[in-house]
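Take a look at the model shown here.

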Amino acid sequence: VLGELQTAVMEILWRESPLSVTDVEQKLQKKRGIAHTTVSTTLDRMHQKGFLVREKQGKAFVYSPRYS
């Protein structure tokens, strides 16, 4: 159901959440080079599909998995 990047994002958020786009990006950078915009777009699309919930904190959203 999920692609490689989406699976990696879910694994990060299952271990530790809520996280901002920057937090997720930093954790993904440990294993692969990835652009901030790619992480942001991926999280937004996963939220739109119902895999993630997000909450506004200051100027940024923080994301958590909808499902355990």
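## Helix 2 and helix 3

Helix 2 passes helix 3 in a right-handed crossing. A crossing is right-handed if the near helix is turned clockwise from the far one by less than a right angle, and left-handed if anticlockwise. The two pack at an angle of about 120°, with their axes 9 Å apart. Axes are lines fitted to C-alpha atoms, for helices over the stretch in contact, and angles run from 0 to 180 degrees between N-to-C directions. Helices here are DSSP runs (H or I, at least four residues), as are strands (E, at least two), numbered from the N terminus.

Helix 2 brings V21, T22, V24, E25 and L28 to the contact, and helix 3 brings H36, V39, S40 and L43. Contact means heavy atoms within 4.5 Å. By class, this contact has 5 nonpolar, 3 polar and 1 charged residues. Ala, Val, Leu, Ile, Met, Phe, Trp, Tyr, Cys and Pro count as nonpolar, Asp, Glu, Lys and Arg as charged, and the others, Gly among them, as polar.

The model is predicted: local features need pLDDT of at least 70, side-chain atom pairs count only at pLDDT 80 or more, and totals for chains, interfaces and linings use all residues. Residues are numbered from 1 along each chain as its sequence is written, and side-chain values use heavy atoms, with hydrogens and water left out.

## Helix 1 and its partners

Helix 1 and helix 2 pack at an angle of about 110°, with their axes 10 Å apart. They are therefore roughly perpendicular to each other. Angles of 65 to 115 degrees count as roughly perpendicular, under 35 as roughly parallel, over 145 as roughly antiparallel and the rest as oblique. Helix 1 passes helix 2 in a right-handed crossing. L5, A8, V9, I12 and L13 of helix 1 touch V24, K27 and L28 of helix 2. These residues divide into 7 nonpolar, no polar and 1 charged.

The axes of helix 1 and helix 3 (residues 36-48) come within 11 Å and cross at roughly 80°. That makes this pair roughly perpendicular too. L5, Q6, V9, M10 and L13 in helix 1 meet T38, T42, L43 and M46 in helix 3. This contact has 6 nonpolar, 3 polar and no charged residues.

## The largest pocket

What lines the largest pocket? The lining is A8, E11, I12, R15, E16, K27, L28, K30, K31 and R32. These divide into 3 nonpolar, no polar and 7 charged. Helix 1 (4-15) and helix 2 (21-29) each supply at least two lining residues. Helix 1 gives the most, with 4 residues.

## A cis peptide bond

The peptide bond from S17 to P18 is cis, with omega near 0°. P18 is found in the loop between helix 1 and strand 1 (19-20). Most peptide bonds are trans.

Note on methods
1 Å grid on protein atoms, 1.4 Å probe; cavity = no way out; pocket = protein on both sides within 12 Å on 5 of 7 lines; lining within 4 Å.
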